[in-house]
Amino acid sequence: MSKLSKLLQVTEEEKDAILKHYSLTEELFDENVRILKEWMKQSEHLPQDENDNKLKLVLLNCKMSLEKAKQCLEGYYRIRTRYYKEFFDKLVPTAKEYQESKRLVITVIMPKLTPDLCRITIFKATDPEGEANDAYMYELPLFMMAEMRITQEMCLSNIIIVDFQAYSWKNLMKFTPTVNQKLVDMLNAVNLRIKAIHFINTNNVLEHVMRLIKAFLPSKLLNKIHIHKTSESLSGHIPLEYLPSNYGGSEKAIEDLYDEWCQQIDDSQDLFEKLLLVKSTAKIELDPYQRDMFGCGVDGSFKKLVLD
């Protein structure tokens, strides 16, 4: 088992359960991947040499809809092209921005799938003085982990945990309306499916965070947010064996898991250098009103971002 496989464990039984969820056989799954690859060959503006598992994960994110999967792939290459100079060119282990970002956040993708076949991601800011140049700095490790994740991941949905223990006004002010709109565009483009979001160790900044995110998140996603004053009540939603020891769980502490992920990133220089070339050669504009935001559906309009 590779180091990455240990960080992203998926058993054969879990793979079978995921296929069963969509009434799929391996042969039918592979056939859908073949159809996507053939479509990409006919789309000259898209890269032609893609990892099969990336296509499989896109299909799963889109509930096996080929048309939505095509939109998702178009969006993925679009954002890598549109935001290349301000964000994606920094997604290499040797970039000074990434090296700086490593000490400003702790981001962990948990190694085991939950019983309902979800992958847990934990985010915790460690920048109480607001040293980051901008909010993009907080996202660099997360996006780099995501790029490695799609090379071999299989899951049905995602559970996001945001730890507010060290989060302050100085962090919140980094998320300007312009930055927020671009980050939401990036997330929408890849159609990330989210089952639940848990805010833990919350403080008085949360009220302002909620006011901010209500400006742009659909109500169906807002209804998936659970607020916890401490981490102890997480056990009512997620079995402890899938959580870090910091949160009363059986897994390693998030600091140790983060170190392992950062080492994996450092060891993947070749992958990230290749990803710098992954772009669309066409200007692609997807209608935000038609996108299935975070797997929740769009209710009404794509709201303008405003920070009160």
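Trainee: Is Cys262 buried or exposed in this model?
Mentor: The model is predicted, and every value here is computed from it. Cys262 has a relative accessible area of 8%. The cut-off for burial is under 20%, so Cys262 is buried.

Trainee: How many disulfides does the structure hold?
Mentor: A disulfide is a covalent bond between the sulfur atoms of two cysteines. A pair is counted if the sulfur atoms lie within 2.5 Å. A search of the whole structure gives a count of zero.

Trainee: Which cysteine has the sulfur nearest to that of Cys62, and how far away is it?
Mentor: Cys62 is buried, at 3% relative accessible area. Cys62 takes part in no disulfide. The nearest cysteine sulfur belongs to Cys72, at 4.5 Å.

Trainee: What radius of gyration does the protein chain have, and what would a compact globule have?
Mentor: The C-alpha atoms fill a box of roughly 50 × 40 × 40 Å along the principal axes. For 308 residues, the compact-globule value is near 19 Å. The chain agrees with that value, because its own radius of gyration is 19 Å.

Trainee: What percentage of the residues is buried?
Mentor: The protein chain exposes about 14,300 Å², of which carbon and sulfur atoms supply 51%. The burial count runs over the 308 residues of the chain. Buried residues make up 55%.

Trainee: How many helices and strands are there, and what share of the contacts joins residues at least 24 apart?
Mentor: The secondary structure comes to 13 helices and five strands. The contact share is taken among contacts between residues at least 6 apart in sequence. Of these, the part joining residues at least 24 apart is 78%.

Trainee: What is the geometry of the ring pair formed by Phe164 and Phe199?
Mentor: This is a pair in a structure that holds eight aromatic pairs. The ring centres of Phe164 and Phe199 are 5.1 Å apart and the planes meet at 75°. An angle over 60 degrees is the criterion, so the pair is edge-to-face.

Trainee: How far apart in sequence are the parts that this pair ties together?
Mentor: Phe164 and Phe199 are both buried. Phe164 lies in the loop between β3 (157-163) and α8 (169-172), whereas Phe199 lies in strand β4 (residues 194-200). The pair therefore ties together parts whose separation in sequence is 35 residues.

Trainee: Which residues touch Phe199, leaving aside neighbours within four places in sequence?
Mentor: Phe164, the ring partner, is in contact with Phe199.

Trainee: Which residues do ring pairs link into a cluster?
Mentor: Phe87, already named among the core residues that touch the most other members, belongs to this cluster. Ring pairs link Phe87 with Phe88, Tyr136 and Phe143.

Trainee: What is the phi of Met64, and what is that of Asn201?
Mentor: Most residues other than glycine have a negative phi. Met64, in the loop between α4 (52-61) and α5 (66-82), is buried at 16%, and Asn201, in the loop between β4 and α10 (206-213), is buried at 17%. Both have a positive phi: for Met64 it is near 70°, and for Asn201 it is about 50°.

Trainee: What distance separates the C-alpha atoms of Tyr76 and Met186?
Mentor: Tyr76 is in helix α5 and is buried at 9% relative accessible area. Beyond four places in sequence, Tyr76 touches residues including Glu50, Glu147, Ala189, Val190 and Leu275. Tyr76 and Met186 are 110 residues apart along the chain, and their C-alpha atoms are separated by 7.8 Å.

Trainee: What distance separates the C-alpha atoms of Ile159 and Glu97?
Mentor: Ile159 is in strand β3 and is buried at 6%. Among its contacts beyond four places in sequence are Thr114, Cys118, Ile120, Ala196 and Ile238. Glu97 is 62 residues from Ile159 along the chain, and the C-alpha separation is 27 Å.

Notes. Residues numbered from 1 in each chain as written. Predicted model: local features only at pLDDT ≥ 70, side-chain atom pairs only at ≥ 80, totals over all residues. Heavy atoms only, no water. Core = buried A, V, L, I, M, F, W, Y, C linked by side-chain atoms within 4.5 Å. Buried < 20%, exposed > 50% of the residue type's maximum accessible area, 1.4 Å probe, protein only. Contact = heavy atoms within 4.5 Å. Helix = DSSP H or I, 4+ residues; strand = E, 2+ residues; numbered from the N terminus. Rg over C-alpha atoms; globule rule 2.2 N^0.38 Å. Areas by Shrake-Rupley, 256 points an atom, 1.4 Å probe, with all protein chains shown as cover. Phe/Tyr/Trp six-rings, centres within 6.5 Å; stacked < 30°, edge-to-face > 60°.
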